[in-house]
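Here's a walk through one protein model, going from the overall fold down to single residues. Keep the viewer open while you read.

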Amino acid sequence: MYELSVLSVSLLIAMGFLAGIINTMAGGGSNLTIPALMVMGLPADIANATNRVNVFFQSLTAAKGFKSHGKLEIPDLKKIVGVTLIGGLAGALLASYMPAQLLKPTLLISMITMAGIILFKPGVVAPPEGTQALGISESSSSIPMLLLAGFYGGFVQAGVGFILIAAIAGSLRYDLVRTNALKIVCTLGFTIVALLIFIVNDQILWLPGLILAVGSIVGAHIAVKITINLSQKTLKWFLFLMTIFASAAALLT
């Protein structure tokens, strides 16, 4: 049973704010929010489900921000989101029905593995300036990578931004600003799917999730404004630093 206090509410808002910034600009913000929920006494499966409330609101906020700045005018947008939705449905079903005692170690292994992949192969996420973006039909690796990203996002969420960036920038060669915009829309899509499954299975605690969302909305709003004004090189270094953070957070929680 969890208990809300002034300290725990403050912690959730602060972690939500940081996660909103981190998830919008890179990934790994759920490495802060899921442990924060677990510290309050939520089991791993309930924390994983409740965190999706926060992710939904931050993704919705960021998607609206990127759209208002013209960063979502992408021909393959519906196809990219559609592929990740298929993977997200499968991942969320697995997370919802996996025994709680198995979920926590699986979450940790997934976060460490995925963060490690991006940490040691950062070059795939930042195409050179002027690189022509590809359509899904032009990249044989895009559909498998997008399915994997969607599956991982539906399953665990934490660190999915790294996988989406690898899929979108790595296989479709979008610049990092548009990659982040696409990543947010994909995340919003499979988060809605995951939320519906977790709601049906009564695995969401709404109050902690909404408190997290308060901070995340503010963080995401600020992060969009920062992202559209940063250079590709600066975004790449920020992403690199976030992979280090994500690896450390996953190991320490």
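Start with how the chain folds back on itself: among contacts (heavy atoms within 4.5 Å) with a separation of 6 or more, 84% link residues 24 or more positions apart in the protein chain. Before going further, note that this is a predicted model, where local features need pLDDT of at least 70 and side-chain atom pairs count only at pLDDT 80 or more, while totals for chains, interfaces and linings use all residues. Numbering starts from 1 along each chain as its sequence is written, and side-chain values use heavy atoms, with hydrogens and water left out.

**The overall picture**

The protein chain has ten helices and zero strands. Helices (H or I, at least four residues) and strands (E, at least two) are DSSP runs, numbered from the N terminus. Of the 253 residues in the protein chain, 57% are buried. Here buried means under 20% relative accessible area, exposed means over 50%, and partly exposed is in between, with a 1.4 Å probe and protein chains only.

Helix 1 covers residues 6–25, 20 residues in total, and reaches 29 Å from its first C-alpha to its last, close to the 28 Å expected at 1.5 Å a residue. That expected span is 1.5 Å times one less than the number of residues. Buried residues of helix 1 include Ser 8, Leu 12, Gly 16, Gly 20 and Asn 23.

Helix 9 has 22 residues that should span 32 Å, and its end C-alpha atoms are 30 Å apart, so the two values agree. Among its buried residues are Gly 209, Gly 215, Ser 216, Gly 219 and Val 224.

Where does Ser 216 lie? It's in helix 9 (residues 206–227). Ser 216 counts as buried because its relative accessible area is 0%. Leaving aside neighbours within four places in sequence, Ser 216 is in contact with Gly 16, Phe 17, Gly 20, Asn 54 and Gln 58. Gly 16 and Gly 20 are also on the list of buried residues in helix 1.

**Helix 1 against helix 8**

The axes of helix 1 and helix 8 come within 8 Å and cross at roughly 115°. Axes are lines fitted to C-alpha atoms, for helices over the stretch in contact, and angles run from 0 to 180 degrees between N-to-C directions. Helix 1 brings Asn 23, Thr 24 and Met 25 to the contact, and helix 8 brings Asn 180, Lys 183 and Ile 184. By class, that makes two nonpolar, three polar and one charged residues. The classes are Ala, Val, Leu, Ile, Met, Phe, Trp, Tyr, Cys and Pro as nonpolar, Asp, Glu, Lys and Arg as charged, and the others, Gly among them, as polar.

How many cavities of 30 Å³ or more does the structure hold? There are two of them. A cavity is a set of points on a 1 Å grid over the protein atoms alone where a 1.4 Å probe fits but cannot get out, and lining residues have an atom within 4 Å of a point. The largest cavity has a volume of about 80 Å³, where volume is the space filled by probe spheres set on the points, and grid points are joined across faces, edges and corners. Its lining has 13 residues, and the closest to the centre are Asn 23, Gln 58, Gln 157, Val 160 and Thr 187. Helix 3 (44–68), helix 7 (160–172) and helix 8 (176–200) each supply at least two residues of that lining. By class, the lining of the largest cavity has three nonpolar, nine polar and one charged residues.

**Pairs that meet across the sequence**

| Pair | Apart in sequence | C-alpha to C-alpha |
|---|---|---|
| Ser 216 and Phe 57 | 159 residues | 7.3 Å |
| His 69 and Ile 228 | 159 residues | 8.0 Å |
| Ala 166 and Ala 149 | 17 residues | 8.9 Å |

His 69 lies in the loop between helix 3 and helix 4 (77–97). With a relative accessible area of 37%, His 69 is partly exposed. Not counting residues up to four places away in sequence, His 69 touches Val 224 and Ile 228. Ala 166, in helix 7, counts as buried at 12% relative accessibility.

**Two loop residues with positive phi**

Most residues other than glycine have a negative phi. Arg 173 has a positive phi, near 65°, and lies in the loop between helix 7 and helix 8. At 22% relative accessibility, Arg 173 is partly exposed. Asp 202 also has a positive phi, near 55°, and lies in the loop between helix 8 and helix 9. Is Asp 202 buried or exposed? At 66% relative accessibility, Asp 202 counts as exposed.

Conventions
1 Å grid on protein atoms, 1.4 Å probe; cavity = no way out; pocket = protein on both sides within 12 Å on 5 of 7 lines; lining within 4 Å.
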